[in-house]
Amino acid sequence: MCGIIGYIGKKNASPILLEGLRRLEYRGYDSAGVAIADNGELVLRKKLGKIDEGIAHLLKEQPVAGTYGIGHTRWATHGVPADKNSHPHLDETGRIAVVHNGVIENYDAIKQKLLRAGYTFKSDTDTEVLAQLIGDYFKKQAGKNGHTLTDAVRAALGDVIGTYGIAVISADQPGIMVGARRGSPLIIGIGEAENFLTSDANAIVAHTRQVVYLNDYDVATITQDGFDVENLGTETASVQISKLEFDAEDAQRGVHAHFMLKEIHEQPQTVLNALRGRLDFEAATAKFGGLNMTAAELRGVDRIVIAASGTSWHAALVGEYLIEEFAQIPVEVEYAHEFCYRNCPLEKNTILLVLSQSGETADTLAAIREAKRRGHRALAIVNVVGSTIAREVDGGIYMHAGPEIGVASTKAFVSTLTVLTLLAVHLGRMRMLSAKRALEVLHALAALPKQLEIVLQQTGPLKELAAKYASAKDFFFLGRGYTFPIALEGALKLKEISYIHAEGYSAAEMKHGPIALIDKDTPTVFLVPQDAMYEKTLANLAMIRARKGPVIALATEGDEGIRRVADDVIYMPKTLEALYPILATVPLQLFAYYIALARGCDVDKPRNLAKSVTVE
């Protein structure tokens, strides 16, 4: 959600922190700030607004020297977006600075206690409460031998209820940076005579690819020459140095105007990456190396619960169709945040499968912990190697989509659909799926990258279509069968980046109420591939036409008849029914993108949204 960057070394910290903030802006962009130790003092610079309009301009006007400091991009939780609520926050003395991701649930009780002790507060945030609490412990411990900033942080966190990823520095303990996490990601970056602390590896990949992913309750003390990690629960920690799978260029826009457009155009390659090494034509199956379940254990699965949130939840619905058709295993799709708090029955041979691009989604992580607490195996499909979800599940599959910077997910969604199809074939071949049918699916999957390139060649028509409908106030997206979840996803994309109200429905559901909203000013995007539901979907389309609603059809190449009943048509190549969700997604992404552009919206940083939701 928010973003943290810390640097300690021999170089000027200010430009390094500013570069990191720019790379983190997609995680939170209400405001940004830095605190840098300079000549025995902490210098604070923070400003409401986007990086280049706020903190970057401020640092240019009021430069700061110093070789270690911390920075933050904020997505508001406690306290409205404002200069005073921007991070970093200082303690009462102004000599301890804190940046924080997460939510301190008992902040008000701590604040009242500190107010009674004579402390004053300048912001409305829970983070300032934490800064004051750390400062209070630091002051109380000042007379003790060997007392450190780390000791004060550990003591303060003992009073805290909630989630946190924090970075802390003090002017009274130069050359030390302290980080700690519970429920919010934090990563140490290892350099030469310099080290980093961040919530997202994108911020430091230009400087190092050697990282340590901290675990919950870890507290790290970092200097320019090394680091030490302890755990609040055990006082020992499991530390493993990992290598980032991507480089700095992967997280750049390149020739594209926006990250979202770049990531849409990367989808032929990301699908190829998801398929690479997993298509076994000889055995007519898909193969995986990380499920950590034997064939016998997989054959013993009687039910799968898929938990996810947002865009990943729509992918889960497609996964339900795929696994039930190919593997004949009953599947239930749950919102991750609902799974945690209701008593969902889990029979003995049920497994949980979670989907997450970031691997840090708080609700999804809670679902994993709940399932494991009840003795069930948890698997995951994730994109980020080394993420918390990837480390906590019993087994899983990486998408290999590369870094996704645009807030609205595109390539990670399509990669998830690709992996779910492979998984359905893998499970199906252990049951009743014939080799002939499996090979049809595998060959169709192998053809997808080139077919996606064909879809991406329709940029011109989609741009014209977007210009035609950009002034609409409401949209419907309709599909049936495999394309119903894609109707939901198409509506979400349009809402996220263009701020047009849009609803996704099963086409058959329209007549049960929503059709009352159809009029000449309400366009409907119909997903009508030539599949088993084609004729029925056309009948649903006719109901919209009869009420004079404009119709945009997404149809199979060669379907000329659709032109007689639709106002506008976009074509996609012919494929198997089960694979239309992958092909249909891309034109809907482009349609939303070009409408957002036509309306003057910030595509990569839509208002009120953050890339990774790490708070409940």
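Predicted model: local features only at pLDDT ≥ 70, side-chain atom pairs only at ≥ 80, totals over all residues.
Tyr469, Phe475, Phe477 and Phe591 are joined into a cluster by ring pairs. In soluble globular proteins, nonpolar side chains tend to be buried together.

The surroundings of phenylalanine 591 were examined with neighbours within four places in sequence left aside. Its contacts are Leu462, Leu465, Ala466, Tyr469, Phe475, Val525 and Ile552.

A pair of aromatic rings is described by the distance of the centres and the angle of the planes. The count of aromatic pairs comes to eight. In one of them, tyrosine 7 and phenylalanine 196 adopt a tilted arrangement, with 5.3 Å centre to centre and 50 degrees between the planes. This pair links distant parts of the chain, 189 residues apart: tyrosine 7 belongs to strand E1 (residues 3-8) and phenylalanine 196 to strand E10 (residues 195-198). Both tyrosine 7 and phenylalanine 196 are buried.

Charged side chains also lie over aromatic faces. Arginine 607 is placed over the face of tyrosine 499, at 3.9 Å from the ring centre, and lysine 111 over that of phenylalanine 121, at 5.1 Å from the ring centre.

An open sheet is formed by six strands in the order E5-E6-E7-E8-E12-E13, with antiparallel pairing. Its edge strands, E5 (89-90) and E13 (227-231), each pair on one side only. Within the sheet, strand E8 (residues 177-182) and strand E12 (residues 218-222) run antiparallel and are joined by four bridges; methionine 177 has isoleucine 222 in E12 as its bridge partner.

Helix H4 (residues 126-140) lies across E5, strand E6 (96-101) and strand E7 (164-170), and runs at about 140 degrees to E6. Helix H5 (residues 149-157) lies across E6, E7, E8, E12 and E13, at about 145 degrees to E7.

Serine 415 is located in helix H13 (residues 411-428). Because its relative accessible area is 0%, serine 415 is classed as buried. Not counting residues up to four places away in sequence, serine 415 touches Thr270, Ala274, Met399 and Ala401.

Note on methods
Residues numbered from 1 in each chain as written. Heavy atoms only, no water. Helix = DSSP H or I, 4+ residues; strand = E, 2+ residues; numbered from the N terminus. Buried < 20%, exposed > 50% of the residue type's maximum accessible area, 1.4 Å probe, protein only. Contact = heavy atoms within 4.5 Å. Phe/Tyr/Trp six-rings, centres within 6.5 Å; stacked < 30°, edge-to-face > 60°. Lys NZ or Arg CZ within 6 Å of the ring centre and 35° of its normal. Pairing = 2+ DSSP bridges. Axes fitted to C-alpha atoms, helices over the stretch in contact; angles between N-to-C directions.
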